[in-house]
Amino acid sequence: MMVGLMFLGSSYALWKVTKYQQTENIIQTGCFAITFSDKNPINLTNAYPVADSKGLQLTPYEFTIQNTCDVKASYTVYLNTLETGATEIPYNLVKYSLQKVGGASAVAKSLSAATPNNETSSFNYSKTLKSSFALETSEGEAKGVLAENESVKYNLRLWIDESATTAINGNKFEAAIATIATAINE
């Protein structure tokens, strides 16, 4: 019996071959980061209704979106309205102009005509998010693709439409710009 077991063990060892990979498999992630910088926050304290021609001349809120890494990124610009705890200015009376620096001339648009954004779970504010709108420039939706280390600058102006009456006295409007960026795998 002992001889039989030795014969089986040695024949198994003669017929078993082990092969393995000679090089490593490497998975390395690319860098994906977008920065957002801004200046001249919009402050419409004691604001009053103005014509579009005057609204387009207001000091803009300037912001820059920059891709700081080596992966292309698509982005979209949103204006998120926040709960004020007070009576709010109706969206049809809030006018805006978003201009891509170096792009076409600024045009006035009504916030009520902007496209609602239903994907708001990624926004985090100290106040309650009320609504989110994808903004447009005169060239179309404020979105694009940023290559490695590329940036884009925008100027945003907000004002109260000249058709507003004294019925909005004491009302508030609070909002914040947001961008959503997604890595593009090529």
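**View 1. Q99 and the residues it touches.** Leaving out residues up to four places away in sequence, Q99 touches A104, S105 and A106, plus K153, Y154, N155 and R157. This is a predicted model, and Q99 sits in strand 4, which runs over residues 94-100.

**View 2. The largest pocket.** Here we look into a space of about 530 Å³, the volume of the largest pocket. Its lining takes in 28 residues, and those nearest the centre are L44, T45, K172, F173 and E174. Sorted by class, the pocket lining comes to 19 nonpolar, six polar and three charged residues.

**View 3. The largest cavity.** Searching the whole structure turns up one cavity of 30 Å³ or more, and the largest cavity has a volume of about 30 Å³. Around this cavity you'll find T81, L82, T84, E88 and Y91, along with K172, F173 and E174. By class, that makes three nonpolar, two polar and three charged lining residues.

View 4. What do K172, F173 and E174 line besides the largest pocket? They also belong to the lining of the largest cavity, while in the largest pocket they are among the residues nearest the centre.

Terms used
Residues are numbered from 1 along each chain as its sequence is written. This is a predicted model: local features need pLDDT of at least 70, side-chain atom pairs count only at pLDDT 80 or more; totals for chains, interfaces and linings use all residues. Side-chain values use heavy atoms; hydrogens and water are left out. Helices (H or I, at least four residues) and strands (E, at least two) are DSSP runs, numbered from the N terminus. Contact means heavy atoms within 4.5 Å. On a 1 Å grid over the protein atoms alone, a cavity is a set of points where a 1.4 Å probe fits but cannot get out, and a pocket is an open set with protein on both sides within 12 Å along at least five of seven lines; lining residues have an atom within 4 Å of a point. Grid points are joined across faces, edges and corners, and a volume is the space filled by probe spheres set on the points. Ala, Val, Leu, Ile, Met, Phe, Trp, Tyr, Cys and Pro count as nonpolar, Asp, Glu, Lys and Arg as charged, and the others, Gly among them, as polar.
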